Amino acid sequence: MPGCCGCWEVLRPPRYKHLVDSIFPANPQDGLVKNNMDKLTFYAMTTSEKLDRIGMYLEQRLSRDISRHRIGFVFVAMDALDQLLVACHAHSLNLFVESFLKMVQKLLECDEPELQILATQSFIKFANIEEDTPSYHRRYDFFVSKFSVMSHSGNRNENVKSKIRGAGLLGLQGVVRKTVSDDLQVNIWDPVHMDKIVPSLLYNMHTPEFMSVNLESPRDEEHPAYIAEMVFRDLVCRASYGNVKSVLQPVLCHIDNHRLWVPNEFAVKCFKVIMYSVQQQYGYLVIQMLMSHLDTHTNSDPGIKASIIEVLYESVLISAGGSIGPSVLDVFNTLLRHLKISVDNKSSDSEKRNMEKKFEEAIINTIGEFANNLPDYQKIEIMMFIMGKFPQFGENEEMGFNMDNYLQTMLLKTLLKVATKYKTVIMNNAFPPEFLHPLLRISILEDPGLRVVVQEILHTLLDRHENTNKLKTVTIPKDVVSQLDLTIDKVPRQDSLFMKKNGIQFYWHIKENLQMDTNKARNFEALYCTMCLISIEMGGDDILVELIRLALDIQQMALDSKLPSTHQCCNHAIVAAYLNVVAQINNLSPLVQYLSDLLELRRKEASHLLPEFAFNRANRPSSYPTENKMEERWLFDQTTLQEILTDCGHDASRLSAPLAQRPHSTMDSAVASSMSDIGSINIELDSMESSPLLSRKKVEEITVESLKKMLAEDQSQKREEEAKKRQEIFDTFQNAPFEEILARAEAKSNCFHDKLYEILETTSPESPNHSEESLNAVPVFEMQFPSLYVY
């Protein structure tokens, strides 16, 4: 008997098999036997080394039930596996997982949709478990492929197809979630996996339900389109710096392969999802990928390129300020290059040409949005960069001689778009010399449309108080500030200094613009607006005389030039309206009264010199006076203006001096002039012939009043020369390199010592060159040395 008992113990099945068998009910509809399942769970947790054997035995039973089509027991087995997975977190869970994954794989290989969905649900539960120990040998290639196939299910039953696709999409999310946080497992970001996962998500997203989503309407959360969007957002959100491109490349390839750029509603919505989901610091990688993809479509249909640019535009709108990335100029260079390629494409097909124009407008808008995300100092750099796309030209060359007119227009529109994103605070920052001088030179192009765009750029940068729209019409209101609702503040000192330095640039180019034969009414109106904005933003007391001098010069130019009657009337009307603005914003009541009287005289005798007539688009050539005569009483008198300014406490002596001729437009010439012979050592004696009082072209009657006037003018000229000299010295030591200042100092020091030695040799009694003539020379103590020198 004892021997038989021992044999019986050997034949007895292991405890874990007995516990596993006990969880299965007689009728599968009853589900797991709860009490026995609790015993199996306790046994697995206390003897974790048996977990792998429990898994293997469950796998054997599952395989047997599948082969016998006992679907009910399959559900029971998977339920038991799920509960064991959730309950057991021991270090030996890896071995159990291998058996679990084999069972999931067998279910996925079945043709029964319900078994595939069951397997997917179990895999998702497994994916949510955080394992304590890494796995070095586990692979998920099969699951990625199978879940991708399920995502493309074409089952005839719509309900079943929707469930299978949803299960496949959630399975892909489970694979990503399980592998993305473990560097020791398979790299899910490899192209071999992403080329299956991403297209599966996009395929399900490209449905009417996804495209016509309404925030107010309820969403079917179980629809594959919404599941795909949720999984796609999760995937993009998990992508790190090195993996963003791994997700974006399949997206771009999918849109290319399925020709989804035109129309581009899906592409736009897809990249909106990407931009809202990607980590903020990696947003610029999306921009770079789109830029690179645009390069690959250089020779593609303009509709495709325009769609890519529109997607880029929408992405930039969503992106944060830092999403453009470090290579800002490279982004703008790429966009401008595509703009030039599009402009150079002179297609004879009108439809294609229209598509190219849409593409060009899209580029300009995108550049503007890019600039909007940049700090102000970079916006100025971008404007200078765009300016550099114009051809280089010399001092005597005509601007744009070898440049396509349409390309000039596109570049200027781009410049205007960037300028609208810039908020001017200090004029010196908004108009650096490297930007101001080329811009003003472009303002005298032959094409009147281009000149208007340049003036609009100046309006945008000059106007800090939103007065531009109020000054676009040339009018003469009785109360400028209240009727036009102008916003006027005190002119900052730094802006007055800027205008003293660069005012001549503005004055000369405005005058040149006003005397162009190709001007139209909008050109005159744009120039009038520019003049008024200069007066409002920078027209302090320091430059008031120059502003009025500009009006007088324009009036004289209109009289001397051979412009058509229409142009002459426009110029005279602009002078009247401009002086009215200057007088009222500076509270010059006597000047306002003088203007009022003169304008009333014009209304009676010369209405063609007023804006109401000159800018009336309904005028015809017959509307203008037949005799081109100009009465002196209709014009603004310089002497009268000078007396009014003097009575108002202004130094009006400069009003008699016309503005300088063509100014230097390059920095080199300006620097050279400021560096030239400061405090020269040459000794020159003033003579009566060199006196400014005796060198006048026009001899006046010598009276006490005339002598006072000449003396005042002479003193004012000296003050101007001294101020100019101080400014030159200041600019020299502020802008010149230290080495150059040192070299100049040494040169002047040597020159001074040589001259001093020569003087001493001449006046020394021991000198062999000493003679009666040298004795009669001017004594050293009476010689005039320069006021400033360096030694």
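User: What share of the contacts in the protein chain with a separation of 6 or more comes from residues 24 or more positions apart?

Analyst: First, this is a predicted model: local features need pLDDT of at least 70 and side-chain atom pairs count only at pLDDT 80 or more, while totals for chains, interfaces and linings use all residues. Residues are numbered from 1 along each chain as its sequence is written, and side-chain values use heavy atoms, with hydrogens and water left out. A contact means heavy atoms within 4.5 Å. Of the contacts with a separation of 6 or more, the share from residues 24 or more positions apart is 75%.

User: What percentage of the 791 residues count as buried?

Analyst: Buried means under 20% relative accessible area, exposed means over 50%, and partly exposed is in between (1.4 Å probe, protein chains only). Across the 791 residues of the protein chain, the buried part comes to 48%.

User: Which residues does F271 touch?

Analyst: F271 is one of the residues with the most contacts inside the largest core. Leaving out residues up to four places away in sequence, F271 touches L248, V251, L252, I255, V286, L290, V311 and S315.

User: Are α14 and α16 roughly parallel or roughly antiparallel, and which residues make the contact?

Analyst: Axes are lines fitted to C-alpha atoms (for helices over the stretch in contact), with angles from 0 to 180 degrees between N-to-C directions; those of α14 (residues 265-277) and α16 (residues 302-318) come within 9 Å and cross at roughly 25°. That makes the two helices roughly parallel, given that angles under 35 degrees count as roughly parallel, over 145 as roughly antiparallel, 65 to 115 as roughly perpendicular and the rest as oblique. The contact is made by A267, V268, F271, K272, M275 and Y276 of α14 and, on the α16 side, V311, E314, S315 and I318.

User: At what angle do the axes of α4 and α5 cross, and is the crossing left-handed or right-handed?

Analyst: I54, L58, L62, D65 and I66 in α4 meet F73, V74, A77, M78, L81 and L84 in α5. The axes of α4 and α5 (residues 71-87) come within 9 Å and cross at roughly 160°, so the two helices are roughly antiparallel to each other. A crossing is left-handed if the near helix is turned anticlockwise from the far one by less than a right angle, and right-handed if clockwise. The way α4 passes α5 is left-handed.

User: Why do the buried residues of α2 line one face of the helix, and what covers them?

Analyst: In α2 (residues 15-22), the buried residues are Y16, L19, V20 and S22. Looking down the axis of α2, they line one face because they fall within an arc of 165°, the arc being that of the directions from the helix axis to the C-beta atoms. Their cover includes α3 (34-46) and α4 (51-67).

User: Is T334 buried or exposed, and which residues does T334 touch?

Analyst: T334 sits in α17 (residues 328-344). T334 counts as buried because its relative accessibility is 6%. Not counting residues up to four places away in sequence, T334 touches M291 and D295.

User: Where is P263, and which peptide bond is cis?

Analyst: P263 is found in the loop between α13 (244-257) and α14. With omega near -10°, the cis peptide bond runs from V262 to P263.

User: Is R259 buried or exposed, and what is its phi?

Analyst: R259 is in the loop between α13 and α14. With a relative accessible area of 73%, R259 is exposed. Although R259 is not a glycine, its phi is positive, at about 55°.

Technical notes:
A nonpolar core is a set of buried Ala, Val, Leu, Ile, Met, Phe, Trp, Tyr and Cys residues joined through side-chain atoms within 4.5 Å. Helices (H or I, at least four residues) and strands (E, at least two) are DSSP runs, numbered from the N terminus.
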